[in-house]
Amino acid sequence: MIENISDLEVSRLIIKDYFEMLEDSLESDVIIVGGGPSGLVAGYTLAQEGKKVVIMEKRMSPGGGIWGGGKGFNRVVLEQEVAGIMSEIDIKPIEQDGYLVVPSVLLASALIKKTIESGVRLLNLFAIEDVYFNENRELAGVVVNDTAYKQINLHVDPLTFRSKLVMDSTGHEAIVCNCLAKRGIIELKGEDTMNATGGERGVIEGTREVYPGLIVTGMACAQFFGTPRMGPIFGGMLLSGKKAAQIAAQKLDAAAVA
Ligand code: 48F
């Protein structure tokens with residue numbers, strides 16, 4: 001029989017655990033803005049290599065565009081090249097006509113589980129509104145507010161979080177890139193029309209450091225380089241996350257030696 005629950009103790013436990021994580025997240029190796037497929041894969045891969053990673057996601061649930069499948073039909077299609085990633089996150093996809101088919105809700109939840117269990121600090125309901133530069137004008141963090149304040153248009157001053165690298169994993173919004181573009185620091189080409197092959201290739205090839213301290217992943221690459229969108233095929237997003245993690249780890253390791 002459940003009895004004698006202390007309501008105050010429940011509140012205290014939540015506040016204590018959350019604020020310990022929050023304070024620990026103020027400085028990290030990598031801030032990943034956006035918890036979609038590319039950001040989650042980059043996050044758990046880096047965390048498994050011992051890097052300190054914070055993912056900031058403006059919505060309640062990470063997973064980005066995965067949940068909706070295609071037009072709300074809750075399946076996603078992936079290329080055979082991500083079979084290894086499916087094993088990493090413990091999913092057994094259906095193989096059909098040379099593709100992998102997975103329930104979108106399963107893919108989103110498996111990626112989230114893997115990310116949290118790998119030690120990534122996940123801050124949801126965190127909306128990035130600006131970037132933070134170090135004294136050399138390299139990207140060195142983000143300026144963040146509460147999603148709810150932004151939704152009700154309430155002016156509350158934001159907080160700053162620092163990191164050695166920032167990833168723009170915000171998909172079509174490319175919010176970090178846009179913070180630089182609106183000041184004329186970089187130029188965004190804007191994504192091209194639907195073409196799955198060109199889109200997937202463009203995302204993988206485009207995953208790179210596009211400004212000192214800023215790595216783009218996923219659909220943000222298409223916004224940056226003007227490559228096509230590709231609809232509900234997700235292998236390119238997952239491979240982009242892997243490539244982004246590799247680039248970030250190399251940079252962090254090189255900086256640690258120097
Ligand atoms: O859009 P999203 O899933 O990014 P992705 O990893 O994957 C793209 C695919 O889902 C799909 C596609 C093809 O396969 O075309 O679109 O490139 O996830 C982006 C995440 O970033 C969050 C947003 O809520 C989503 O979960 N996000 C967007 N703006 C902000 C943000 C912001 N200002 N602050 C924090 N998170």
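Of the 44 residues in the largest nonpolar core, Leu 78, Met 86, Leu 107, Leu 111 and Met 167 touch the most other members. Such a core joins buried Ala, Val, Leu, Ile, Met, Phe, Trp, Tyr and Cys residues through side-chain atoms within 4.5 Å, where buried means under 20% relative accessible area (1.4 Å probe, protein chains only). Please note that this is a predicted model, in which local features need pLDDT of at least 70, side-chain atom pairs count only at pLDDT 80 or more, and totals for chains, interfaces and linings use all residues. Residues are numbered from 1 along each chain as its sequence is written, and side-chain values use heavy atoms, with hydrogens and water left out.

- Beyond its neighbours within four places in sequence, Leu 111 is in contact (heavy atoms within 4.5 Å) with residues including Pro 37, Val 41, Tyr 44 and Leu 238.
- A second, separate core of 28 residues includes Leu 123, Phe 161, Leu 180 and Cys 221.

**Helices α2 and α9**
- The axes (lines fitted to C-alpha atoms over the stretch in contact) of α2, residues 37–48, and α9, residues 235–257, come within 7 Å and cross at roughly 40 degrees.

**Ser 104**
- Ser 104 lies in helix α4, residues 104–117, and is buried at 0% relative accessible area.
- Leaving aside neighbours within four places in sequence, Ser 104 has contacts with Ile 66, Trp 67, Gly 69, Asn 74, Arg 75 and Val 76.

Key: Axes fitted to C-alpha atoms, helices over the stretch in contact; angles between N-to-C directions. Helix = DSSP H or I, 4+ residues; strand = E, 2+ residues; numbered from the N terminus. Buried < 20%, exposed > 50% of the residue type's maximum accessible area, 1.4 Å probe, protein only.
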